[in-house]
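Subject: Structure handover

Hello,

Here is the structure we talked about handing over. Please open it beside this email and read the notes below with it in view.

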Amino acid sequence: MTMRQTFLLICFATLIPLALEPNGYYIRILTLALLFAALGQAWNIVGGLAGQMSLGHAAFFGLGAYTSTLLLIHFGISPWIGMLAGGVLGGIAAFLLSLPTMRLKGHYFALGTLAFAEVFRVIANTWSSLTGGPVGLSVPFSEPSLAMLQFNETRSYYYLMLAAFVAVSMIFVIIVQGRLGYRLRAVKEGPDAAEVIGVNTTRVKIHAAVISGSLTAMLGTLYAQLNFFFDPDTVFGALQISIRIALIVIVGGIGTLFGPLLGALLIIPLEEFANVMLADRAAGLSQLTYGALLMAIVLLQPQGLAEFAKKLAARISGKVMSSKTEART
Amino acid sequence: MTSLVQAIIDGLMVGGVYAVISIGLTLVFGVLGIVNFAQAEFLMLGMYIAYFAWAALGLDPLAGAFLAFGIVFALGYGLQRTIIQRVLKAPAVSQVFLTVGLLIVMENGALLAFGSQIRSVTTAYQTKSLQIGPFFVSLPYLAAFLMSIASGVSLWWVLNRSWLGMAIRATAIDPMAGRLIGINIDRVMAIAFGLGVGLTAFGGAVVLPYLSVFPTAGSQFVVLMFTVAVLGGLGSVAGAVVGGLAVGVITSVSALMFPIQLQNLVLFLVFIAILALRPDGLMGRA
């Protein structure tokens, strides 16, 4: 996509809320989708560029949510500062996780990161005096203000998440076009070859992991502010967060700039509608449908939506091209 | 001291069961090359089959275990042929999502079919135990242990002494070469998957005398199975036996020192440490 198209897309995204009820159901779904698109973009730095299938990003996400919320509850510190603190902790956690997992490949890396996030979930469930345990935490609401990152209209959150998505995407683009991006791709394509030409593969992977972990933690704060309530399973859960983020990027198109957005716009509404339509039918039916969809996606479109969209676009532009040439002759 | 020895005895008893359910996981990985996140759901299925066999036919869960093995073997065979086979060459992450999808479907399918109530069986030997000096061996633990060891030995015999076993091992080493010497790879893989999930279901049935079954009963075994399999080296059957016994003892001894909620935490830390230090398992590649 060119700069101009991207600019138009952002303008379009800014205008959408004007057509929707400011506190309605649809804008809430879009807000959630934007948040997950941002999470997907942060994951993309590790999963897409470095080619490491992390299934442990919930660790950073939850860390961010808990850090800012605990600072707010106990010390009245603004979530903006809490978000920065969470970001720092997320970066440190990502660094610590890198040490044992850096050399792992494929399945082993996925399993190691998955276990890492589970450690956090168990701790959050057990250390009740700090985290409130399985009961969870409520974010205290004072008054709607930007300084406290609290609003009474979903529309404001929509813009917040849009800004977050654009910001994370810009970081992604900067990394892709910069030195780190080239090195990451070298590491992904051939770690041994990269090592030979002088890339410190371990360091490059750690850099990517720290940036990704830190961003994910900051987005955890935004989630806490949006939802006002969370418990260990919703922010540290493997299915709820880690696997969902990875799924969104893979469905949308791994390693691409617009993949996370495409994926989030498909998966999040799908989940929501499945929930609404099937939740009161029978316990488990909506989850069952979700699981079946997950399997269907893997079996039908393993390369992701972005690939599908690319093929479609190629076919359309191909037709336009051929009709142009026909017109000329 | 007495309590430590007692904990080690208990640990070895449950560890034998852990070994059998993890052999299933490691066999599937060794032969098909996929990590089956839904493996523990087959354990839950085995528990339900044994439960209903007990409730409807009055069959003891230890006998129901064979029924569970047979039914789940057939189910696994079919699943492999229709679904799993399609992702064998796909990237690791597609395989993860497929099996996670299967996990969600099975767990919620069980919830829809059987409801959320917790079910358990009553048997004559349930609360009995053997006394050896100052130590006790719980009878249901012992029965589950012996059944597990028997099924492990049977699997070992099949893998090492039968034509099918040789075909399975050949497929695990090099599917292409296996095909060239005339092995029907697709069928062998389906049998291996059936055997793997069947064994896990068998393990689920034999623990029913001392555990209850409910739709999410499998989830408590997920970490455990992966720790055992990775400890022994993913793909190594002998490793899973050693890993199972080790994990049984670790959990049982750590229960003496830490509160019950932190038991999983100890497992996770062992798991991550092993991945970091010995990614091929304690015994290396087997």
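Which residue forms a salt bridge with B:Asp186? The partner is B:Arg179, and the closest N and O atoms of the pair are 4.0 Å apart. A salt bridge here is a side-chain nitrogen of Lys or Arg within 4 Å of a carboxyl oxygen of Asp or Glu. B:Asp186 is partly exposed at 26% relative accessibility, and B:Arg179 is partly exposed at 46%. Those labels follow relative accessible area: buried is under 20%, exposed is over 50%, and partly exposed is in between (1.4 Å probe, protein chains only).

Some ground rules before the rest. This is a predicted model, in which local features need pLDDT of at least 70 and side-chain atom pairs count only at pLDDT 80 or more, while totals for chains, interfaces and linings use all residues. Residues are numbered from 1 along each chain as its sequence is written, chains are lettered from A and ligands numbered from 1 in the order in which they are written, and side-chain values use heavy atoms, with hydrogens and water left out.

Chain A overall

Chain A has 15 helices and two strands. Both are DSSP runs numbered from the N terminus: helices are H or I with at least four residues, strands are E with at least two. Of the 329 residues in chain A, 50% are buried. Contact means heavy atoms within 4.5 Å. Take the contacts in chain A between residues at least 6 apart in sequence: 77% of them join residues at least 24 apart. The accessible surface of chain A is about 15,300 Å², and carbon and sulfur atoms account for 68% of it. Accessible areas come from the Shrake-Rupley method with a 1.4 Å probe; for residues, only the protein chains shown count as cover.

Salt bridges

Over all chains, the structure holds four salt bridges. In general, side chains of opposite charge can pair when their charged atoms come close.

One of them joins the side chains of A:Glu118 and A:Arg121, at 2.9 Å from N to O. These two are three residues apart in helix 5 (residues 106–126) of chain A, so about one helical turn separates them. An α-helix has 3.6 residues a turn, so residues three or four places apart point the same way. A:Glu118 is buried at 12% relative accessible area, whereas A:Arg121 is partly exposed at 22%.

Another joins the side chains of A:Arg244 and A:Glu271, at 2.4 Å from N to O. A:Arg244 is in helix 12 and A:Glu271 in helix 13 of chain A, so this pair ties together parts that are 27 residues apart in sequence. A:Glu271 is buried, with a relative accessible area of 11%.

Helix 13 covers residues 259–278, which is 20 residues. Its expected span is 1.5 Å times one less than its number of residues. That gives 28 Å, and the end C-alpha atoms are 28 Å apart, so the two agree. Buried residues in helix 13 include A:Gly259, A:Pro260, A:Ile267, A:Pro269 and A:Glu271. Among the elements that cover its buried residues are helix 1 (3–15), helix 2 (25–49) and helix 12 (238–252) of chain A.

Helix 12 also holds A:Ser242, which is buried at 0% relative accessibility. Beyond its neighbours within four places in sequence, A:Ser242 contacts A:Leu55, A:Gly56, A:His57, A:Ala58, A:Ala117 and A:Gly237.

Annotated spans

An unreviewed UniProt entry annotates "transmembrane region" on chain A, including residues 157–176 and 245–268. UniProt positions are given in the numbering used here, feature names are shortened, and annotations may be inferred rather than shown by experiment. Residues 157–176 are 100% helix and 0% strand, with end C-alpha atoms 28 Å apart. Residues 245–268 are 75% helix and 0% strand, with end C-alpha atoms 10 Å apart.

A patch on chain B

B:Met1, B:Leu4, B:Ile8, B:Leu12, B:Leu256, B:Met257 and B:Phe258 form a nonpolar surface patch with about 680 Å² of accessible area together. Patches are made of residues with over 30% relative accessible area and no salt bridge; like charges are joined within 9 Å, and nonpolar side chains (Val, Leu, Ile, Met, Phe, Trp, Tyr) within 5 Å. Helix 1 of chain B supplies the largest share, three residues. B:Leu12 lies in that helix and is partly exposed at 35% relative accessibility.

Regards
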